[in-house]
Amino acid sequence: MTYLAKSPWIIHYDASSCNGCDIEILACLTPMYDVERFGIINTGNPKHADIFVVTGSINEANREVIQNIYNQMSDPKVVVAVGICACSGGVFRECYNVAGGIDKLIPVDVYVPGCAARPESIIDGIVTALGVLEEKRNKHVSSPMVTDHGHTHRHRHAEGGAQ
Amino acid sequence: MINIVWAIVFVLVAPVIGGLVVGIDRKITAHMQGRVGPPILQPFYDVGKLFEKEQTVVNETQIFYAICYIIFMIFTGALFFAGGDLLLVIFALTLAQVFLVMGAFAANSPYSYVGAERELLQIMAYEPMVILAAVGMFVATKSFNVSEIASTTIPVVLLLPGIFLGFLYVLTIKLRKSPFDISTSHHAHQEIVKGVTTEFSGPSLGLIEISHWYETVFLLGFVYLFFGFNPLIGVAAVIIIYLLEILIDNTNARVKWQLVVKSSWLIAAVVSVVNLAALYYLSGGVP
Ligand code: SF4
């Protein structure tokens, strides 16, 4: 077992979640579940994080943010989609502004379904992600740089100058 | 005078002790919050993990600054434990800190910038008190050499109670503990994302982490100097003071940087000047 699996640092991003799943993620940090006993730390900084935990689905406002966070994380990294919204769009799937689950934009490694996902299943999802993380490290998988070329909104921004 | 053996012992043993201290710190903190907490060896896992990660930096020079930071931090501690000149030790410590600040300024990121500026403010805040502590030790023991201060039979802490309290005050700043963790913070806390370390990732963050272990051991060694007259009391005092720092960390909210600078200057000015004046008066006016 590598050190990677003993010290997973996560970054949590609330895409268009209803906040139900976010509350459950925060519940994991409380004394009741205390994920720090597995070495899991919520960093809030993509450059320090190994696991990207996303709740909610993709819409126009957050697609650039999700790409940005994903691209800033250093390899090896995994993405965990928490809640049915993040997995597939859930009840918001048909909304005019929702593009669907997180995997429409970035590669997702672990899906944690549920509305809202329970803390136990979130912890289970993150532990599963650790296996994927180790596998990626052993195989030296380098994650792709995600960009959204087909997207007109993004194009207009890209012309503005180097970011 | 300079004792090379102690310097080598420091270089090899300090990261182990420092890592364990941080691990125990996290465990105690967790227990204080009613949690189980991570294993004691967690800091070592964290750093091991960081070295397994890919190095991504905005600016290549960041890596250089991170390496300089750890080199000068090791130099500081090694010189201290070898029994070198206390003033040179303090100078080297500042230099190490300045490299960290430059590393944070090297990346064009607002969080890293604010963190670096606050780190500079912190240096301004604790530096007078640390230098006054060295001056106080000189007045008490007639020597700037760590080897002589550590082996003195004079109860330094009884001569310098004010300076000792002032030093404890800035120790909280140096250990990056609440309420003074304004430039970056440890454990799972977040401040301006991660302050000075925001833009460091993977191995270079690991180096900064290891430097912090070295620094912790060096600072605890500095505390020991006040009790050099009796090793047993000295070690006990170091342990009690670290536990006290953990308690302060867990019972105080972070303050604004203005308060950090003003209060530490005020304490340095009042407490140590009164202490030094009293010492001069008692020793008959001649040092
Ligand atoms: S899955 Fe349910 S609880 Fe979670 S964000 Fe979607 S609607 Fe909210």
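In this predicted model, helices α3(B) and α9(B) run roughly parallel to each other. Their axes cross at roughly 20° and come within 9 Å. An angle under 35 degrees counts as roughly parallel, so the pair falls in that class. Helix α3 of chain B spans residues 61-81, and helix α9 of chain B spans residues 202-225. The crossing is left-handed.

From α3(B) come Ala66(B), Ile67(B), Tyr69(B), Ile70(B), Met73(B), Ile74(B), Thr76(B), Gly77(B), Phe80(B) and Phe81(B). The residues from α9(B) include Leu207(B), Ile208(B), Ile210(B), Tyr214(B), Val217(B), Phe218(B), Phe222(B) and Leu225(B). Ser204(B), Ser211(B), Glu215(B) and Gly221(B) also take part on the α9(B) side. By class, the contact of α3(B) with α9(B) has 16 nonpolar, five polar and one charged residues.

**Packing against α10(B)**

Helix α10 of chain B covers residues 231-251. Helix α1 of chain B, residues 4-32, packs against α10(B) at an angle of about 45°, with the axes 10 Å apart. The two helices are therefore oblique to each other. Their crossing is right-handed. On the α1(B) side the contact uses Val21(B), Asp25(B), Ile28(B), Thr29(B) and Met32(B). These meet Tyr242(B), Leu243(B), Ile246(B), Leu247(B) and Asn250(B) of α10(B). By class, the contact of α1(B) with α10(B) has seven nonpolar, two polar and one charged residues.

Helix α8 of chain B, residues 161-174, also packs with α10(B). Here the angle is about 50° and the axes are 11 Å apart. That pair is oblique too, and α8(B) passes α10(B) in a right-handed crossing. Phe164(B), Leu168(B), Leu171(B) and Thr172(B) of α8(B) meet Ile241(B), Glu245(B) and Ile248(B) of α10(B). The class count for α8(B) with α10(B) is five nonpolar, one polar and one charged residues.

| Helix pair | Angle | Axis distance |
|---|---|---|
| α3(B) and α9(B) | roughly 20° | within 9 Å |
| α1(B) and α10(B) | about 45° | 10 Å |
| α8(B) and α10(B) | about 50° | 11 Å |

**Contact between the chains**

How much area do chain B and chain A bury between them? The value is about 2,400 Å², with 50% of it on carbon and sulfur atoms. Chain B gives 30 residues to the contact and chain A gives 25 residues. In chain B, Lys49(B), Glu52(B) and Lys53(B) lose the most area to chain A. Together they account for 27% of what that side buries.

Salt bridges occur at this contact as well. The structure holds 14 salt bridges over all chains. Asp50(A) lies in the loop between β2 (41-42) and β3 (51-55) of chain A, and Lys53(B) lies in the loop between α2 (42-52) and α3 of chain B, so the pair joins two chains. The closest N and O atoms of the Asp50(A) and Lys53(B) salt bridge are 2.8 Å apart. Between chain B and chain A the count is six salt bridges.

**Backbone geometry in chain A**

Most residues other than glycine have a negative phi, and most peptide bonds are trans. A cis peptide bond joins Asp75(A) and Pro76(A), with omega about -10°. Pro76(A) sits in the loop between α2 (63-72) and β5 (78-82) of chain A. Cys115(A) and Ala116(A) are also joined by a cis peptide bond, with omega about -10°. Ala116(A) is found in the loop between β7 (110-112) and α4 (119-138) of chain A.

Asn19(A) has a positive phi, near 85°, although the residue is not glycine. Asn19(A) belongs to the loop between β1 (9-14) and α1 (20-29) of chain A.

Definitions and conventions: Residues are numbered from 1 along each chain as its sequence is written. Chains are lettered from A and ligands numbered from 1 in the order in which they are written. This is a predicted model: local features need pLDDT of at least 70, side-chain atom pairs count only at pLDDT 80 or more; totals for chains, interfaces and linings use all residues. Side-chain values use heavy atoms; hydrogens and water are left out. Axes are lines fitted to C-alpha atoms, for helices over the stretch in contact, and angles run from 0 to 180 degrees between N-to-C directions. Helices (H or I, at least four residues) and strands (E, at least two) are DSSP runs, numbered from the N terminus. Angles under 35 degrees count as roughly parallel, over 145 as roughly antiparallel, 65 to 115 as roughly perpendicular and the rest as oblique. A crossing is left-handed if the near helix is turned anticlockwise from the far one by less than a right angle, and right-handed if clockwise. Contact means heavy atoms within 4.5 Å. Ala, Val, Leu, Ile, Met, Phe, Trp, Tyr, Cys and Pro count as nonpolar, Asp, Glu, Lys and Arg as charged, and the others, Gly among them, as polar. Buried area is the accessible area (1.4 Å probe) that two parts lose on being put together, summed over both. A salt bridge is a side-chain nitrogen of Lys or Arg within 4 Å of a carboxyl oxygen of Asp or Glu.
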